[in-house]
2 protein chains.
Amino acid sequence: MSDSRIFESRFTVGGFQLDSTLHLSLPVLANHIASVASDHAERLGIGRVALLEHRQAWVFSRLLIQMERYPSEYESYTIRSWIDSVSRFFSNRNFAIYDAQGGVIGHAASVWALMDVDSRQALDIKEALPGHADCVAPEHPDCPITRTSRARVTATEPAYTFRPRYCDIDYNGHFNSIRYIEHFLGALPLEVLKERPIHRFEIGYSTECHYDEPLAVYVTAAAADEYDLELRKTDGTVASRAKVILK
Amino acid sequence: MSDSRIFESRFTVGGFQLDSTLHLSLPVLANHIASVASDHAERLGIGRVALLEHRQAWVFSRLLIQMERYPSEYESYTIRSWIDSVSRFFSNRNFAIYDAQGGVIGHAASVWALMDVDSRQALDIKEALPGHADCVAPEHPDCPITRTSRARVTATEPAYTFRPRYCDIDYNGHFNSIRYIEHFLGALPLEVLKERPIHRFEIGYSTECHYDEPLAVYVTAAAADEYDLELRKTDGTVASRAKVILK
């Protein structure tokens with residue numbers, strides 16, 4: 001890219017990155033989307049290492065992925081990413097996903113908060129990171145996906161319970177944001193996910209979760225092709241909400 | 001590579017592929033090792049799609065990974081792989097892992113069986129896949145790691161129980177071999193894995209596991225730096241054994 005404010009990485013779907021439909025699994029794609037965000041932030045001078053010197057870190061507030069189709073085994077795809085806008089408390093980073101012929105196969109939109117790692121409080125981005133406004137890309141691809149309404153969960157019994165283990169935990173000692181996706185999908189029946197690909201996945205993060213803490217996923221079928229999900233702590237606190245819309 | 005019997009792929013450690021020590025996580029590395037094996041098999045004409053036409057599939061029998069060090073965030077590394085030898089029932093594929101300067105940072109050795117996907121029985125490789133012997137690389141890097149003695153688990157209480165969920169299941173409807181590693185590591189205390197990297201990880205697969213089946217991991221500390229693990233079904237059948245040796 002000639003403009004450093006737009007970044008891209010190319011990936012190839014490995015044989016062990018498929019889900020039961022023989023396409024790239026959504027959690028692997030989400031991991032690559034998050035990695036592209038990290039890589040680009042690093043190059044822009046606002047990555048993990050640079051921020052940690054000031055005791056700051058980016059944390060996911062929301063992530064939305066909408067795919068028209070998922071790449072197959074050995075297929076290459078490119079994730080292009082840019083910071084779309086920044087407000088006082090949120091940086092909005094968008095993504096377009098292309099197949100090897102350059103056709104758009106999906107989009108993603110992410111919202112990040114800047115956190116003080118000691119107080120765990122959100123920081124005013126314009127004050128704490130004044131150069132950030134210069135990182136916003138003036139021209140960029142379209143990202144025609146919008147946030148839908150909030151997930152509404154009425155279920156009273158959990159569909160799936162677990163405690164975060166070693167592989168769920170990041171360097172901060174917190175539950176890795178991308179691993180939430182695996183656990184949300186783990187609460188849905190395999191029969192459903194085998195039959196129909198996930199067209200759209202939305203997740204919002206509210207409260208941090210920790211190693212070995214008992215957590216439960218509650219699911220409500222909002223429509224025939226739509227599931228609303230909540231991840232709750234034992235005291236009922238909602239740690240995260242998600243919505244899954246099938247193709 | 002000029003000799004198609006040796007294959008390599010380059011990777012870069014993404015920000016969301018780190019474990020709590022801020023290095024490439026072992027399950028992500030294992031996934032890439034398995035993907036390199038799949039990619040190479042595909043190019044050799046003995047990959048998943050070609051084999052499935054004859055109702056055959058490769059299945060992991062054993063995997064051993066030994067790392068001198070793990071790559072850090074944004075560090076690039078190369079996995080080189082070749083088929084070392086083949087016997088009647090097993091194909092032995094080895095791996096060397098290099099940093100960006102070409103220094104060896106680790107090795108892996110894998111043993112694969114060829115299975116009839118309908119009968120789930122192991123096939124005689126020389127009969128079922130006569131061209132396989134030509135895929136063995138006559139010259140290749142060293143892979144100076146040997147299989148150690150079998151894991152011996154005396155624990156009577158499980159350290160961790162779970163049921164395989166959507167993300168654990170491969171296209172065959174079976175528990176993805178690489179996901180076993182995450183669940184084995186999930187049975188070890190985070191404090192231990194945060195302090196000392198995993199020098200060596202060995203896993204052997206005995207019995208297939210399925211979606212939503214109740215499974216339990218039993219752990220015995222074989223030495224101060226060594227854990228023996230078993231994955232057992234409710235009837236006591238050992239589905240898999242593993243050994244973890246810390247650095």
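## Helix contact in chain A

Contact here means heavy atoms within 4.5 Å, and the structure described is a predicted model. In that sense, A:L26, A:P27, A:A30, A:N31 and A:A34 of helix α1(A) meet A:I178, A:I181, A:E182 and A:L185 of helix α4(A). The residues of this contact divide into seven nonpolar, one polar and one charged.

The axes of α1 (residues 26-43) and α4 (residues 177-186) of chain A come within 9 Å and cross at roughly 165°. Since angles over 145 degrees count as roughly antiparallel, α1(A) and α4(A) are therefore roughly antiparallel to each other, and α1(A) passes α4(A) in a right-handed crossing.

## The sheet of chain B

In chain B, 10 strands form an open sheet in the order β1-β3-β4-β5-β2-β7-β10-β9-β8-β6, with antiparallel pairing. Strands β1 (6-12) and β6 (160-162) of chain B stand at the edges with a single partner strand each, so one side of each is left without a neighbour in the sheet. From one strand to the next, the twist averages 20°.

Helix α1 (residues 26-43) of chain B packs on the sheet, where β1, β2, β3, β4, β5 and β7 of chain B are touched, and its direction makes about 55° with that of β3(B). Helix α4 (residues 177-186) of chain B lies across β2, β6, β7, β8, β9 and β10 of chain B and runs at about 125° to β7(B).

## Relation of the two chains

A rotation of 180° with 0.0 Å of shift along its axis superposes chain A on chain B, with an RMSD of 0.0 Å; that is the relation of a two-fold axis. Among the residues of chain A, A:F162 comes closest to the rotation axis, with its C-alpha at 4.0 Å. Because 100% of the interface residues of chain A are also interface residues in chain B, the copies meet through the same surface.

Terms used. Residues are numbered from 1 along each chain as its sequence is written. Chains are lettered from A and ligands numbered from 1 in the order in which they are written. This is a predicted model: local features need pLDDT of at least 70, side-chain atom pairs count only at pLDDT 80 or more; totals for chains, interfaces and linings use all residues. Side-chain values use heavy atoms; hydrogens and water are left out. Axes are lines fitted to C-alpha atoms, for helices over the stretch in contact, and angles run from 0 to 180 degrees between N-to-C directions. Helices (H or I, at least four residues) and strands (E, at least two) are DSSP runs, numbered from the N terminus. Angles under 35 degrees count as roughly parallel, over 145 as roughly antiparallel, 65 to 115 as roughly perpendicular and the rest as oblique. A crossing is left-handed if the near helix is turned anticlockwise from the far one by less than a right angle, and right-handed if clockwise. Ala, Val, Leu, Ile, Met, Phe, Trp, Tyr, Cys and Pro count as nonpolar, Asp, Glu, Lys and Arg as charged, and the others, Gly among them, as polar. Copies are superposed by least squares on the C-alpha atoms of residues with pLDDT of at least 70 in both. Two strands pair if DSSP finds at least two bridges between them.
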